[in-house]
Amino acid sequence: MNVQNTIALLEMFRGKNVAAVRTPSGVIFMGAANLSPEEKKRLLSIPQMELEAALRWQQ
């Protein structure tokens, strides 16, 4: 997965009230209870480095 795909996924999940939050221990997701098990699995499979890069691009 590349950064553009990660950004697209984050935008899609933002519509379901899920936010990616940068913490000292890495990126975590707030509101993941709003997702189906399939969506959670997909979201959690994204590597931390790609999530960090996607959040930097969105700033």
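Q: Which side chain meets that of Arg14 in a salt bridge, and at what N to O distance?

A: A salt bridge is a side-chain nitrogen of Lys or Arg within 4 Å of a carboxyl oxygen of Asp or Glu; here Arg14 is joined to Glu11 at 2.8 Å, N to O. This is a predicted model, in which local features need pLDDT of at least 70 and side-chain atom pairs count only at pLDDT 80 or more, while totals for chains, interfaces and linings use all residues. Residues are numbered from 1 along each chain as its sequence is written, and side-chain values use heavy atoms, with hydrogens and water left out.

Q: How far apart are Arg14 and Glu11 along helix H1?

A: An α-helix has 3.6 residues a turn, so residues three or four places apart point the same way. Arg14 and Glu11 are three residues apart in H1, which means a separation of about one helical turn; helices (H or I, at least four residues) and strands (E, at least two) are DSSP runs, numbered from the N terminus.

Q: Where do Lys16 and Glu39 lie, and is Glu39 buried or exposed?

A: Buried means under 20% relative accessible area, exposed over 50%, and partly exposed in between (1.4 Å probe, protein chains only). The side chains of Lys16 and Glu39 form a salt bridge at 2.4 Å, N to O. Lys16 is in the loop between H1 and S1 and Glu39 in helix H2 (residues 37–44), so the pair ties together parts 23 residues apart in sequence. Glu39, at 17% relative accessible area, is buried, whereas Lys16, at 34%, is partly exposed.

Q: Which residue does Glu52 meet in a salt bridge?

A: Glu52 meets Arg22 at 3.1 Å, N to O, a link between helix H3 and strand S1 across 30 residues.
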